[in-house]
Amino acid sequence: MTLESQPLRDHLEHVTGFSVPEDRWRSIAPRLLQRIARRGFADTHAYLKHLGEGPFGRHELEELLEVFTIRKTSFFRNPATFDALAREVLPPLFTNRARGAPPPSIWSAGCSTGEEPYSIAMVARALAPSDPRPCYILATDIVEAALTRARRGVYTQDVGTEIPERFRHLLDVGDGRAEVAEAVRSAVEFYAHNLVRDAYPRPASGSWDVIFCRNVIIYFSSETCRRVIATLWNVLAPGGALFLGHSEVLWGLEDRFDVVFADETFYYRKRRTPRPHLPRVAPTEPAGTVRASALPAVTPANGTSLDTPGPLPRSMSQTSSESARAAKPFVDKTPSRVMPALPFDLLTRAETSLASGDQEGAARTLRLAIARAPSWAPPRLLLGRLYADRGENEKANEELEVAVKVTPLDARAHMLLGMVRERKGEREAAEDAYRHAVYLEPDLASARYALAQIYRATNRPDRAKRELRNVIRALSGKEAQAAVKLTDGVSPTALVELCERELLELGE
Ligand SMILES: C[S@@+](CC[C@H](N)C(=O)[O-])C[C@H]1O[C@@H](n2cnc3c(N)ncnc32)[C@H](O)[C@@H]1O
(Lines give C-alpha, C1' and ligand atoms only; values in the text may rest on other atoms or scores of the structure.)
Protein backbone atom coordinates (compact mmCIF):
# COMPACT_ATOMS: atom_id res chain seq x y z
CA MET A 1 0.00 0.00 0.00
CA THR A 2 1.37 3.47 -0.81
CA LEU A 3 1.21 6.10 1.87
CA GLU A 4 -0.83 9.17 1.03
CA SER A 5 0.63 12.54 1.92
CA GLN A 6 -2.48 14.72 1.63
CA PRO A 7 -4.20 13.54 4.86
CA LEU A 8 -0.97 14.25 6.76
CA ARG A 9 -0.74 17.72 5.21
CA ASP A 10 -4.39 18.43 6.08
CA HIS A 11 -3.83 17.25 9.63
CA LEU A 12 -0.73 19.38 10.18
CA GLU A 13 -2.46 22.39 8.65
CA HIS A 14 -5.41 21.81 10.95
CA VAL A 15 -3.20 21.56 14.05
CA THR A 16 -1.05 24.61 13.29
CA GLY A 17 -3.27 26.80 11.10
CA PHE A 18 -0.21 26.93 8.85
CA SER A 19 -0.94 26.42 5.12
CA VAL A 20 2.34 25.10 3.88
CA PRO A 21 3.22 26.38 0.38
CA GLU A 22 3.04 23.79 -2.39
CA ASP A 23 6.74 23.75 -3.25
CA ARG A 24 7.71 23.39 0.39
CA TRP A 25 5.27 20.55 0.87
CA ARG A 26 6.72 18.77 -2.13
CA SER A 27 10.18 19.05 -0.65
CA ILE A 28 9.29 17.86 2.87
CA ALA A 29 6.54 15.29 2.16
CA PRO A 30 8.91 12.47 1.12
CA ARG A 31 10.86 12.85 4.36
CA LEU A 32 7.67 12.73 6.42
CA LEU A 33 6.31 9.72 4.55
CA GLN A 34 9.60 7.87 5.00
CA ARG A 35 9.28 8.51 8.68
CA ILE A 36 5.80 6.98 8.74
CA ALA A 37 6.99 3.96 6.76
CA ARG A 38 9.99 3.51 9.08
CA ARG A 39 7.62 3.25 11.99
CA GLY A 40 5.81 0.42 10.22
CA PHE A 41 2.54 2.22 9.42
CA ALA A 42 1.08 1.05 6.14
CA ASP A 43 -1.63 3.67 6.14
CA THR A 44 -1.47 7.41 6.85
CA HIS A 45 -4.79 7.41 8.71
CA ALA A 46 -3.52 4.83 11.25
CA TYR A 47 -0.46 7.03 11.78
CA LEU A 48 -2.63 10.12 12.29
CA LYS A 49 -4.60 8.25 14.94
CA HIS A 50 -1.31 7.43 16.65
CA LEU A 51 -0.34 11.12 16.57
CA GLY A 52 -3.22 12.00 18.83
CA GLU A 53 -2.52 9.32 21.42
CA GLY A 54 -0.40 9.51 24.56
CA PRO A 55 3.04 10.95 25.13
CA PHE A 56 4.62 9.10 22.19
CA GLY A 57 2.04 10.50 19.81
CA ARG A 58 2.62 14.00 21.16
CA HIS A 59 6.38 13.60 20.84
CA GLU A 60 5.97 12.39 17.26
CA LEU A 61 3.72 15.37 16.42
CA GLU A 62 6.28 17.69 17.93
CA GLU A 63 8.99 16.27 15.66
CA LEU A 64 6.75 16.66 12.63
CA LEU A 65 6.04 20.28 13.49
CA GLU A 66 9.75 20.89 13.64
CA VAL A 67 10.02 19.89 9.98
CA PHE A 68 6.72 21.40 8.92
CA THR A 69 6.94 24.96 10.26
CA ILE A 70 9.12 27.81 9.00
CA ARG A 71 11.19 29.29 11.80
CA LYS A 72 13.37 31.85 10.05
CA THR A 73 14.14 34.71 12.41
CA SER A 74 16.98 36.98 13.48
CA PHE A 75 17.95 39.47 16.15
CA PHE A 76 16.45 42.92 15.55
CA ARG A 77 14.61 41.65 12.49
CA ASN A 78 13.36 44.78 10.77
CA PRO A 79 15.34 47.16 13.02
CA ALA A 80 12.81 50.00 12.59
CA THR A 81 10.36 47.95 14.68
CA PHE A 82 12.72 48.00 17.63
CA ASP A 83 13.39 51.72 17.16
CA ALA A 84 9.64 52.32 17.40
CA LEU A 85 9.45 50.12 20.49
CA ALA A 86 12.30 52.03 22.14
CA ARG A 87 11.24 55.49 21.06
CA GLU A 88 7.49 55.57 21.39
CA VAL A 89 5.95 52.39 22.76
CA LEU A 90 7.92 51.55 25.89
CA PRO A 91 8.78 55.00 27.36
CA PRO A 92 5.16 56.00 28.16
CA LEU A 93 4.56 52.57 29.67
CA PHE A 94 7.47 53.12 32.05
CA THR A 95 6.51 56.71 32.82
CA ASN A 96 2.83 56.05 33.40
CA ARG A 97 3.31 52.96 35.51
CA ALA A 98 1.47 53.43 38.79
CA ARG A 99 3.29 52.73 42.05
CA GLY A 100 3.12 49.02 42.90
CA ALA A 101 1.56 48.17 39.53
CA PRO A 102 2.95 45.17 37.63
CA PRO A 103 5.67 45.99 35.09
CA PRO A 104 4.68 46.57 31.46
CA SER A 105 3.99 43.26 29.78
CA ILE A 106 5.15 42.10 26.35
CA TRP A 107 4.21 38.86 24.61
CA SER A 108 6.29 37.58 21.69
CA ALA A 109 3.93 35.06 20.05
CA GLY A 110 5.59 32.71 17.55
CA CYS A 111 9.04 33.57 18.90
CA SER A 112 10.90 30.76 17.12
CA THR A 113 14.42 30.32 18.56
CA GLY A 114 14.26 33.41 20.77
CA GLU A 115 16.03 36.14 18.81
CA GLU A 116 12.92 38.35 18.80
CA PRO A 117 12.12 38.30 22.56
CA TYR A 118 15.82 38.71 23.40
CA SER A 119 15.96 41.77 21.13
CA ILE A 120 12.94 43.14 23.01
CA ALA A 121 14.62 42.41 26.34
CA MET A 122 17.78 44.23 25.22
CA VAL A 123 15.76 47.31 24.28
CA ALA A 124 13.85 47.27 27.59
CA ARG A 125 17.07 46.90 29.55
CA ALA A 126 18.67 49.83 27.78
CA LEU A 127 15.68 52.03 28.67
CA ALA A 128 15.67 51.09 32.35
CA PRO A 129 19.24 49.97 33.13
CA SER A 130 18.86 50.07 36.88
CA ASP A 131 15.71 47.94 36.95
CA PRO A 132 16.53 44.20 37.00
CA ARG A 133 13.10 43.35 35.51
CA PRO A 134 11.80 46.39 33.62
CA CYS A 135 9.19 44.37 31.73
CA TYR A 136 7.49 41.02 31.97
CA ILE A 137 8.32 39.28 28.68
CA LEU A 138 6.59 36.06 27.69
CA ALA A 139 7.73 34.26 24.54
CA THR A 140 5.78 31.37 23.04
CA ASP A 141 5.98 29.04 20.07
CA ILE A 142 4.31 25.86 18.90
CA VAL A 143 7.65 24.04 18.41
CA GLU A 144 9.27 22.79 21.63
CA ALA A 145 12.67 22.26 20.00
CA ALA A 146 12.76 25.94 19.02
CA LEU A 147 11.97 26.89 22.61
CA THR A 148 14.72 24.64 23.94
CA ARG A 149 17.22 26.46 21.74
CA ALA A 150 15.71 29.78 22.76
CA ARG A 151 16.04 29.05 26.48
CA ARG A 152 19.72 28.19 26.01
CA GLY A 153 20.34 31.56 24.40
CA VAL A 154 23.37 30.30 22.47
CA TYR A 155 23.73 31.16 18.78
CA THR A 156 26.42 31.15 16.13
CA GLN A 157 28.95 33.93 16.30
CA ASP A 158 27.66 35.69 13.18
CA VAL A 159 24.46 36.85 14.95
CA GLY A 160 26.68 39.57 16.39
CA THR A 161 26.29 41.46 13.11
CA GLU A 162 22.49 41.50 13.51
CA ILE A 163 22.72 43.30 16.84
CA PRO A 164 23.20 47.09 16.88
CA GLU A 165 26.51 48.18 18.34
CA ARG A 166 24.95 49.67 21.49
CA PHE A 167 23.54 46.27 22.54
CA ARG A 168 26.54 44.09 21.67
CA HIS A 169 27.86 44.10 25.22
CA LEU A 170 24.80 41.96 26.03
CA LEU A 171 26.24 39.18 23.94
CA ASP A 172 29.20 37.07 25.01
CA VAL A 173 31.06 36.19 21.81
CA GLY A 174 33.88 33.65 21.52
CA ASP A 175 34.82 30.21 20.14
CA GLY A 176 32.51 30.67 17.18
CA ARG A 177 29.45 31.11 19.36
CA ALA A 178 27.50 33.98 20.86
CA GLU A 179 25.73 33.68 24.18
CA VAL A 180 23.05 36.08 25.33
CA ALA A 181 23.94 37.65 28.69
CA GLU A 182 22.28 36.08 31.72
CA ALA A 183 20.58 39.40 32.56
CA VAL A 184 18.79 39.31 29.20
CA ARG A 185 18.09 35.58 29.23
CA SER A 186 16.49 35.68 32.63
CA ALA A 187 14.20 38.51 31.50
CA VAL A 188 12.29 36.22 29.13
CA GLU A 189 10.01 33.29 29.97
CA PHE A 190 9.45 30.69 27.26
CA TYR A 191 6.38 28.48 26.99
CA ALA A 192 4.86 26.20 24.37
CA HIS A 193 1.68 27.68 22.93
CA ASN A 194 -0.40 27.08 19.83
CA LEU A 195 -2.05 30.28 18.61
CA VAL A 196 -4.71 28.37 16.74
CA ARG A 197 -5.81 25.90 19.38
CA ASP A 198 -4.74 26.95 22.86
CA ALA A 199 -6.23 29.41 25.28
CA TYR A 200 -4.37 32.73 25.21
CA PRO A 201 -2.23 33.77 28.18
CA ARG A 202 -2.74 37.05 30.02
CA PRO A 203 -0.24 38.86 32.26
CA ALA A 204 -0.78 39.83 35.89
CA SER A 205 -2.29 43.19 34.91
CA GLY A 206 -5.00 41.39 32.94
CA SER A 207 -3.95 42.34 29.43
CA TRP A 208 -0.79 42.76 27.40
CA ASP A 209 0.70 46.18 26.82
CA VAL A 210 2.56 45.02 23.73
CA ILE A 211 2.20 41.96 21.51
CA PHE A 212 4.66 40.89 18.84
CA CYS A 213 3.19 38.34 16.44
CA ARG A 214 5.41 38.83 13.43
CA ASN A 215 5.71 36.55 10.43
CA VAL A 216 3.47 33.92 11.97
CA ILE A 217 -0.02 34.50 10.57
CA ILE A 218 1.29 35.07 7.06
CA TYR A 219 0.70 31.42 6.21
CA PHE A 220 -2.65 31.15 8.01
CA SER A 221 -5.90 31.15 6.05
CA SER A 222 -7.69 34.51 6.16
CA GLU A 223 -10.34 32.99 8.43
CA THR A 224 -7.67 31.77 10.89
CA CYS A 225 -5.89 35.14 10.71
CA ARG A 226 -9.11 36.88 11.62
CA ARG A 227 -9.72 34.55 14.53
CA VAL A 228 -6.16 34.90 15.85
CA ILE A 229 -6.12 38.69 15.47
CA ALA A 230 -9.53 38.95 17.14
CA THR A 231 -8.23 37.00 20.12
CA LEU A 232 -5.01 38.99 20.25
CA TRP A 233 -7.16 42.13 20.26
CA ASN A 234 -9.05 40.67 23.15
CA VAL A 235 -5.99 40.10 25.34
CA LEU A 236 -4.37 43.44 24.40
CA ALA A 237 -4.82 46.40 26.76
CA PRO A 238 -6.73 49.42 25.39
CA GLY A 239 -4.09 51.53 23.65
CA GLY A 240 -1.78 48.49 23.57
CA ALA A 241 0.58 47.99 20.61
CA LEU A 242 0.49 45.07 18.19
CA PHE A 243 3.47 44.42 15.92
CA LEU A 244 2.84 42.20 12.91
CA GLY A 245 5.19 41.30 10.06
CA HIS A 246 5.27 43.78 7.20
CA SER A 247 3.43 41.50 4.82
CA GLU A 248 0.71 40.66 7.29
CA VAL A 249 -2.64 42.27 6.96
CA LEU A 250 -5.40 42.95 9.41
CA TRP A 251 -8.06 41.44 7.12
CA GLY A 252 -10.71 44.12 7.46
CA LEU A 253 -10.15 44.54 11.21
CA GLU A 254 -8.81 48.08 10.96
CA ASP A 255 -11.90 49.45 12.64
CA ARG A 256 -10.66 48.09 15.97
CA PHE A 257 -7.03 49.15 15.56
CA ASP A 258 -5.31 52.35 14.56
CA VAL A 259 -2.31 52.08 12.25
CA VAL A 260 0.61 54.04 13.68
CA PHE A 261 3.45 55.09 11.40
CA ALA A 262 6.95 55.29 12.79
CA ASP A 263 9.58 56.19 10.23
CA GLU A 264 10.32 53.05 8.26
CA THR A 265 7.74 50.91 9.96
CA PHE A 266 4.21 50.76 11.29
CA TYR A 267 2.36 48.99 14.03
CA TYR A 268 -1.19 48.81 15.35
CA ARG A 269 -2.77 50.25 18.44
CA LYS A 270 -5.89 48.84 19.98
CA ARG A 271 -8.37 51.67 19.82
CA ARG A 272 -9.47 52.79 23.28
CA THR A 273 -13.02 53.38 22.15
CA PRO A 274 -14.56 51.84 19.07
CA ARG A 275 -15.38 54.14 16.16
CA PRO A 276 -18.88 55.52 16.60
CA HIS A 277 -20.73 54.68 13.42
CA LEU A 278 -19.26 51.41 12.28
CA PRO A 279 -21.38 48.32 12.98
CA ARG A 280 -21.58 47.52 16.66
CA VAL A 281 -18.34 46.07 17.95
CA ALA A 282 -18.54 42.89 19.99
CA PRO A 283 -18.41 42.96 23.77
CA THR A 284 -14.91 43.00 25.28
CA GLU A 285 -14.65 39.20 25.49
CA PRO A 286 -15.56 37.13 22.43
CA ALA A 287 -17.84 34.18 23.11
CA GLY A 288 -15.88 31.10 24.07
CA THR A 289 -13.46 32.97 26.31
CA VAL A 290 -12.33 30.80 29.17
CA ARG A 291 -10.56 31.69 32.34
CA ALA A 292 -7.42 30.24 33.86
CA SER A 293 -9.38 28.16 36.36
CA ALA A 294 -10.88 26.12 33.52
CA LEU A 295 -7.55 25.34 31.89
CA PRO A 296 -4.87 23.01 33.12
CA ALA A 297 -2.13 23.45 30.48
CA VAL A 298 0.23 26.24 29.37
CA THR A 299 -0.16 28.44 32.38
CA PRO A 300 2.71 30.85 32.53
CA ALA A 301 3.94 32.16 35.83
CA ASN A 302 2.95 35.54 37.29
CA GLY A 303 -0.67 34.54 37.75
CA THR A 304 -1.43 34.81 34.05
CA SER A 305 -4.84 33.74 32.88
CA LEU A 306 -5.87 32.52 29.47
CA ASP A 307 -8.25 33.28 26.61
CA THR A 308 -9.21 30.99 23.76
CA PRO A 309 -9.42 32.06 20.14
CA GLY A 310 -13.23 32.08 20.27
CA PRO A 311 -15.77 32.59 17.50
CA LEU A 312 -15.47 35.86 15.65
CA PRO A 313 -17.44 38.87 16.72
CA ARG A 314 -19.86 39.75 13.93
CA SER A 315 -17.96 42.87 12.88
CA MET A 316 -14.82 40.79 12.44
CA SER A 317 -16.32 38.13 10.22
CA GLN A 318 -17.16 40.62 7.52
CA THR A 319 -15.77 40.02 4.09
CA SER A 320 -13.53 42.83 2.90
CA SER A 321 -16.27 44.09 0.59
CA GLU A 322 -18.72 44.12 3.48
CA SER A 323 -16.30 46.06 5.62
CA ALA A 324 -15.54 48.41 2.73
CA ARG A 325 -19.27 49.08 2.41
CA ALA A 326 -19.64 49.49 6.15
CA ALA A 327 -16.69 51.88 6.28
CA LYS A 328 -18.01 54.16 3.53
CA PRO A 329 -20.01 56.67 5.59
CA PHE A 330 -17.24 56.91 8.15
CA VAL A 331 -15.63 60.34 8.53
CA ASP A 332 -12.27 60.05 10.21
CA LYS A 333 -11.70 62.44 13.11
CA THR A 334 -8.72 60.65 14.58
CA PRO A 335 -5.32 62.38 14.87
CA SER A 336 -3.39 62.97 11.70
CA ARG A 337 -1.00 60.04 12.12
CA VAL A 338 -3.93 57.64 11.79
CA MET A 339 -4.98 57.47 8.15
CA PRO A 340 -7.55 54.86 7.29
CA ALA A 341 -8.44 56.43 3.89
CA LEU A 342 -6.98 54.78 0.80
CA PRO A 343 -3.75 56.58 -0.16
CA PHE A 344 -4.45 57.18 -3.85
CA ASP A 345 -2.03 60.11 -3.71
CA LEU A 346 0.85 57.80 -2.80
CA LEU A 347 -0.05 55.39 -5.57
CA THR A 348 -0.01 58.23 -8.08
CA ARG A 349 3.28 59.49 -6.69
CA ALA A 350 4.80 56.03 -7.01
CA GLU A 351 3.59 55.75 -10.59
CA THR A 352 5.17 59.10 -11.39
CA SER A 353 8.47 58.00 -9.81
CA LEU A 354 8.40 54.81 -11.84
CA ALA A 355 7.69 56.70 -15.03
CA SER A 356 10.77 58.85 -14.38
CA GLY A 357 12.91 55.77 -13.68
CA ASP A 358 13.16 56.30 -9.91
CA GLN A 359 12.51 52.72 -8.80
CA GLU A 360 13.87 53.23 -5.29
CA GLY A 361 11.62 56.23 -4.71
CA ALA A 362 8.64 54.33 -6.10
CA ALA A 363 9.32 51.33 -3.86
CA ARG A 364 9.59 53.58 -0.80
CA THR A 365 6.33 55.32 -1.60
CA LEU A 366 4.56 52.03 -2.26
CA ARG A 367 5.74 50.62 1.05
CA LEU A 368 4.32 53.66 2.76
CA ALA A 369 1.01 53.20 0.92
CA ILE A 370 0.94 49.56 2.05
CA ALA A 371 1.61 50.61 5.61
CA ARG A 372 -1.32 53.00 5.44
CA ALA A 373 -3.74 50.60 3.82
CA PRO A 374 -2.46 47.06 4.33
CA SER A 375 -5.54 45.42 2.79
CA TRP A 376 -5.57 47.56 -0.34
CA ALA A 377 -4.16 45.59 -3.25
CA PRO A 378 -3.01 48.18 -5.88
CA PRO A 379 0.23 49.27 -4.17
CA ARG A 380 1.10 45.66 -3.38
CA LEU A 381 0.54 44.71 -7.01
CA LEU A 382 2.67 47.54 -8.27
CA LEU A 383 5.42 46.82 -5.75
CA GLY A 384 5.23 43.12 -6.63
CA ARG A 385 5.67 43.97 -10.30
CA LEU A 386 8.52 46.34 -9.51
CA TYR A 387 10.36 43.69 -7.47
CA ALA A 388 9.69 41.13 -10.20
CA ASP A 389 11.13 43.48 -12.82
CA ARG A 390 14.26 43.82 -10.71
CA GLY A 391 14.55 40.04 -10.30
CA GLU A 392 13.84 40.26 -6.57
CA ASN A 393 11.57 37.27 -6.73
CA GLU A 394 11.25 36.49 -3.02
CA LYS A 395 10.10 40.01 -2.25
CA ALA A 396 7.81 40.04 -5.27
CA ASN A 397 6.32 36.75 -4.19
CA GLU A 398 5.72 38.03 -0.66
CA GLU A 399 3.77 41.07 -1.86
CA LEU A 400 1.82 39.17 -4.49
CA GLU A 401 0.80 36.36 -2.14
CA VAL A 402 -0.81 39.00 0.04
CA ALA A 403 -2.25 40.82 -2.97
CA VAL A 404 -4.13 37.73 -4.16
CA LYS A 405 -5.47 37.22 -0.67
CA VAL A 406 -6.81 40.73 -0.42
CA THR A 407 -8.05 40.80 -3.98
CA PRO A 408 -8.82 37.18 -4.83
CA LEU A 409 -10.88 38.09 -7.90
CA ASP A 410 -8.14 39.99 -9.70
CA ALA A 411 -6.96 37.77 -12.58
CA ARG A 412 -3.85 39.86 -13.20
CA ALA A 413 -2.69 39.49 -9.61
CA HIS A 414 -2.83 35.71 -10.04
CA MET A 415 -1.11 35.96 -13.41
CA LEU A 416 1.75 37.99 -11.96
CA LEU A 417 2.05 35.65 -9.01
CA GLY A 418 2.24 32.73 -11.44
CA MET A 419 5.15 34.37 -13.28
CA VAL A 420 7.05 35.00 -10.07
CA ARG A 421 6.44 31.49 -8.79
CA GLU A 422 7.75 30.10 -12.05
CA ARG A 423 10.90 32.14 -11.74
CA LYS A 424 11.34 30.72 -8.28
CA GLY A 425 11.12 27.24 -9.80
CA GLU A 426 7.73 26.52 -8.23
CA ARG A 427 6.10 25.20 -11.33
CA GLU A 428 3.13 23.48 -9.72
CA ALA A 429 2.25 26.54 -7.65
CA ALA A 430 2.65 28.70 -10.78
CA GLU A 431 0.23 26.46 -12.65
CA ASP A 432 -2.24 26.90 -9.84
CA ALA A 433 -1.97 30.70 -10.06
CA TYR A 434 -2.37 30.72 -13.87
CA ARG A 435 -5.41 28.48 -13.59
CA HIS A 436 -6.93 30.95 -11.14
CA ALA A 437 -6.20 33.74 -13.61
CA VAL A 438 -7.92 32.04 -16.55
CA TYR A 439 -10.81 30.96 -14.40
CA LEU A 440 -11.37 34.61 -13.50
CA GLU A 441 -10.63 36.00 -16.95
CA PRO A 442 -11.05 33.24 -19.55
CA ASP A 443 -9.70 35.44 -22.38
CA LEU A 444 -6.46 36.29 -20.62
CA ALA A 445 -4.23 34.98 -23.38
CA SER A 446 -0.93 35.56 -21.57
CA ALA A 447 -2.04 33.25 -18.73
CA ARG A 448 -3.30 30.62 -21.18
CA TYR A 449 -0.01 30.75 -23.07
CA ALA A 450 1.95 30.40 -19.81
CA LEU A 451 -0.21 27.38 -18.91
CA ALA A 452 0.47 25.86 -22.31
CA GLN A 453 4.23 26.16 -21.69
CA ILE A 454 3.91 24.43 -18.33
CA TYR A 455 1.86 21.62 -19.90
CA ARG A 456 4.47 21.19 -22.61
CA ALA A 457 7.30 21.11 -20.10
CA THR A 458 5.48 18.56 -17.97
CA ASN A 459 4.60 16.31 -20.87
CA ARG A 460 0.88 17.01 -21.10
CA PRO A 461 0.65 17.74 -24.85
CA ASP A 462 -3.13 17.50 -25.12
CA ARG A 463 -3.64 20.15 -22.51
CA ALA A 464 -0.91 22.27 -24.07
CA LYS A 465 -2.64 22.09 -27.45
CA ARG A 466 -5.96 23.02 -25.91
CA GLU A 467 -4.48 26.11 -24.27
CA LEU A 468 -2.65 27.16 -27.45
CA ARG A 469 -5.93 26.91 -29.33
CA ASN A 470 -7.58 28.92 -26.56
CA VAL A 471 -5.00 31.69 -26.99
CA ILE A 472 -5.70 31.87 -30.72
CA ARG A 473 -9.45 31.88 -30.08
CA ALA A 474 -9.17 34.56 -27.38
CA LEU A 475 -7.24 36.88 -29.67
CA SER A 476 -9.01 36.35 -32.95
CA GLY A 477 -11.43 39.07 -33.85
CA LYS A 478 -10.59 41.17 -30.78
CA GLU A 479 -9.98 44.86 -31.26
CA ALA A 480 -6.22 45.39 -31.34
CA GLN A 481 -6.21 47.40 -28.12
CA ALA A 482 -8.28 44.90 -26.17
CA ALA A 483 -6.09 42.10 -27.49
CA VAL A 484 -2.93 43.83 -26.28
CA LYS A 485 -4.47 44.03 -22.83
CA LEU A 486 -5.08 40.29 -22.86
CA THR A 487 -1.52 39.53 -23.84
CA ASP A 488 0.01 41.87 -21.26
CA GLY A 489 1.55 44.09 -23.88
CA VAL A 490 3.00 41.42 -26.21
CA SER A 491 1.92 41.85 -29.83
CA PRO A 492 -1.23 39.73 -30.27
CA THR A 493 -0.26 38.85 -33.84
CA ALA A 494 3.14 37.60 -32.74
CA LEU A 495 1.55 35.52 -30.00
CA VAL A 496 -0.96 33.95 -32.37
CA GLU A 497 1.86 33.07 -34.78
CA LEU A 498 3.86 31.55 -31.96
CA CYS A 499 0.90 29.44 -30.88
CA GLU A 500 0.32 28.23 -34.42
CA ARG A 501 3.99 27.21 -34.70
CA GLU A 502 3.85 25.39 -31.39
CA LEU A 503 0.69 23.58 -32.43
CA LEU A 504 2.52 22.36 -35.52
CA GLU A 505 5.42 21.17 -33.37
CA LEU A 506 2.92 19.26 -31.28
CA GLY A 507 1.67 17.48 -34.39
CA GLU A 508 -1.45 19.45 -35.10
C1 LIG B 1 9.00 32.70 10.73
S2 LIG B 1 8.98 32.44 12.46
C3 LIG B 1 8.85 34.07 13.07
C4 LIG B 1 9.72 34.33 14.26
C5 LIG B 1 9.70 35.76 14.76
N6 LIG B 1 8.40 36.15 15.20
C7 LIG B 1 10.21 36.71 13.69
O8 LIG B 1 9.43 37.44 13.09
O9 LIG B 1 11.42 36.71 13.45
C10 LIG B 1 7.33 31.80 12.71
C11 LIG B 1 7.17 31.02 14.00
O12 LIG B 1 5.78 30.80 14.23
C13 LIG B 1 5.63 29.52 14.81
N14 LIG B 1 4.25 29.05 14.60
C15 LIG B 1 3.70 28.56 13.47
N16 LIG B 1 2.42 28.21 13.70
C17 LIG B 1 2.17 28.51 14.99
C18 LIG B 1 1.04 28.38 15.83
N19 LIG B 1 -0.11 27.87 15.38
N20 LIG B 1 1.14 28.79 17.11
C21 LIG B 1 2.30 29.29 17.59
N22 LIG B 1 3.42 29.43 16.86
C23 LIG B 1 3.35 29.06 15.57
C24 LIG B 1 6.68 28.68 14.10
O25 LIG B 1 7.02 27.54 14.84
C26 LIG B 1 7.81 29.66 13.95
O27 LIG B 1 8.74 29.54 14.98
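I listed the contacts between two helices: Arg427, Ala430, Glu431, Tyr434, Arg435, Ala437 and Val438 in H16 meet Ala447, Arg448, Ala450, Leu451 and Ile454 in H17. I counted a contact where C-beta atoms, placed from the backbone, lie within 7 Å. By class, this contact of H16 with H17 holds 8 nonpolar, no polar and 4 charged residues. I took Ala, Val, Leu, Ile, Met, Phe, Trp, Tyr, Cys and Pro as nonpolar, Asp, Glu, Lys and Arg as charged, and the others, Gly among them, as polar.

I note that this is a predicted model, in which local features need pLDDT of at least 70 and side-chain atom pairs count only at pLDDT 80 or more, while totals for chains, interfaces and linings use all residues. Residues are numbered from 1 along each chain as its sequence is written.

I then read the geometry: H16 (residues 427–440) and H17 (residues 445–457) pack at an angle of about 145°, with axes 9 Å apart. Axes are lines fitted to C-alpha atoms over the stretch in contact, and angles run from 0 to 180 degrees between N-to-C directions.

Next I looked up the ligand, which 25 residues surround, the closest being Thr73, Gly110, Ser112, Leu195 and Arg214. A residue counts here if its C-beta atom, placed from the backbone, lies within 6 Å. The shell divides into 9 nonpolar, 10 polar and 6 charged residues.

Last, I recorded 20 helices and 12 strands in the protein, taken as DSSP runs (H or I, at least four residues; E, at least two) numbered from the N terminus.
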